[in-house]
Amino acid sequence: MLDVKPGEAGRFEQAFARAEPLIASAAGYQRHELRRCLEAADRYLLLVWWETLEAHTRGFRGSAAYQEWKALLHHFYEPFPAVEHYAPPLGV
C-alpha cells in the first residue's frame, strides 16, 4: 500500500509516470501494476513482479536508477510504506 499525502495524488501520478522507465529497465524486472484505491483517493497498490528477490533487493535497490526513483517518489508517501515480497500463487 502506498498512502500519498492528501491532495498530492495528481502530482504523484505524474511523477510515477516519469519513474516507470527506471524500474522497467532494471535487470530481473518482469512487470508492474499501479492501482488507485476506489475508497481512498490518496491510496495506491503497487505490485511489481521480479525474476528473483535479489533482482529487487540487491539489483534495483542498489542501482543509480533507484536513487532517481526515490527522488521522484518517496517524498509523496505518508507514512512510508512497508515493502514486502510474496511467493508465486499457490497451486501454480
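This report covers the sheet, helices, aromatic cluster and selected residues of a predicted model.

## Sheet layout

The sheet is open and has three strands. Its order is S1-S3-S2, and the pairing is antiparallel. S1 and S2 are the edge strands, each with a single partner, so one side of each has no neighbour in the sheet.

S1 covers residues 2–3, and S3 covers residues 43–50. These two strands pair over two bridges, in the antiparallel sense. Leu2 faces Tyr44 in S3. Asp3 stands opposite Arg43, also in S3.

## The S2–S3 hairpin

S2 spans residues 29–36. It pairs with S3 through seven bridges, again antiparallel. A hairpin of six residues joins S2 to S3. Across this pairing, His32 stands opposite Val48 in S3.

## Ile23 in helix H1

Helix H1 runs over residues 9–24 and includes Ile23. Is Ile23 buried or exposed? Its relative accessibility is 3%, and the cut-off for buried is under 20%, so Ile23 counts as buried.

Which residues does Ile23 touch, beyond its neighbours within four places in sequence? The contacts are Tyr29, His32, Val48, Trp50, Phe60 and Trp69. Ile23 and Pro6 are 17 residues apart along the chain. Their C-alpha atoms are separated by 25 Å.

## Ala64 in helix H3

Helix H3 covers residues 64–73, and Ala64 lies in it. Ala64 has a relative accessible area of 58%. Exposed means over 50%, so Ala64 is exposed.

Ala64 and Ala9 are 55 residues apart in the chain. Their C-alpha atoms stand 25 Å from one another.

## Nonpolar surface patch

Met1, Leu45 and Leu47 make up a nonpolar patch on the surface. Together they have about 250 Å² of accessible area.

Leu47 belongs to strand S3. Its relative accessible area is 34%. That value falls between the 20% and 50% cut-offs, so Leu47 is partly exposed.

## Aromatic cluster

How many aromatic pairs does the model hold? The count comes to 10. One of the pairs is Tyr77 with Phe80: the ring centres are 5.9 Å apart and the planes lie at 65°, so this pair is edge-to-face. The cut-off for that class is over 60 degrees. Tyr77 is buried, at 9% relative accessibility.

Ring pairs link a cluster that includes Tyr77 and Phe80. Tyr29, Trp50, Phe60 and Trp69 are among the contacts of Ile23. Tyr44 stands opposite Leu2.

## A cis peptide bond

Where is Pro79 found? Pro79 sits in the segment after H3. The peptide bond from Glu78 to Pro79 is cis, with omega near 0°. Most peptide bonds are trans.

Technical notes: Residues numbered from 1 in each chain as written. Predicted model: local features only at pLDDT ≥ 70, side-chain atom pairs only at ≥ 80, totals over all residues. Heavy atoms only, no water. Helix = DSSP H or I, 4+ residues; strand = E, 2+ residues; numbered from the N terminus. Buried < 20%, exposed > 50% of the residue type's maximum accessible area, 1.4 Å probe, protein only. Contact = heavy atoms within 4.5 Å. Pairing = 2+ DSSP bridges. Patch = residues over 30% accessible without salt bridge, like charges linked within 9 Å, V, L, I, M, F, W, Y side chains within 5 Å. Areas by Shrake-Rupley, 256 points an atom, 1.4 Å probe, with all protein chains shown as cover. Salt bridge = Lys/Arg side-chain N within 4 Å of Asp/Glu carboxyl O. Phe/Tyr/Trp six-rings, centres within 6.5 Å; stacked < 30°, edge-to-face > 60°.
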